[in-house]
Amino acid sequence: MRAMMIVLAALAAFCLAACGTTTPLTECDTSADCTGDPGIGCEWRCTDHNCEAYCPPECESASDCTGDPGTGCVWACVDGSCTPDCEPECE
């Protein structure tokens, strides 16, 4: 049984390389458990034990960024990526 599981894992890895798929091989407990290429500029995030590719939105200016950047923050477009620009907290 174990030998069959190893063979199936090897075939899946071969398919990842041969087919160019970005689908991860495994379910996850952490993002480090995800395998495969999530795409340029993207990273794997483990959400509800499923690997999901997270790709930051691309932008030309801050007006291209959507969503809530967080309390006390505004969007900035830095090197083509939407980045929260937050006021420093004072004591």
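A disulfide is a pair of cysteine sulfur atoms within 2.5 Å. Six disulfides are present in this structure. The model is predicted: local features require pLDDT of at least 70, side-chain atom pairs count only at pLDDT 80 or more, and totals for chains, interfaces and linings use all residues. Residues are numbered from 1 along each chain as its sequence is written, and side-chain values use heavy atoms, with hydrogens and water left out.

**Pairing**
- With the bonded cysteines of the protein numbered in sequence order, the pattern is 1-4, 2-5, 3-6, 7-10, 8-11, 9-12.

**C59 and C77**
- A disulfide joins C59 to C77, with an S to S distance of 2.1 Å.
- This pair links distant parts of the chain, 18 residues apart: C59 is in the loop between strand 2 and strand 3 (73-78), and C77 is in strand 3; helices (H or I, at least four residues) and strands (E, at least two) are DSSP runs, numbered from the N terminus.
- The torsion about the S-S bond of C59 and C77 is about 100°, so this disulfide is right-handed.
- C59 counts as buried at 10% relative accessibility, whereas C77 is partly exposed at 25%; buried means under 20% relative accessible area, exposed over 50%, and partly exposed in between (1.4 Å probe, protein chains only).

**C34 and C51**
- The sulfur atoms of C34 and C51 lie 2.1 Å apart in a disulfide.
- The S-S torsion of C34 and C51 is about -95°, so the disulfide is left-handed.
- C34 is buried at 10% relative accessibility, and C51 is buried at 13%.
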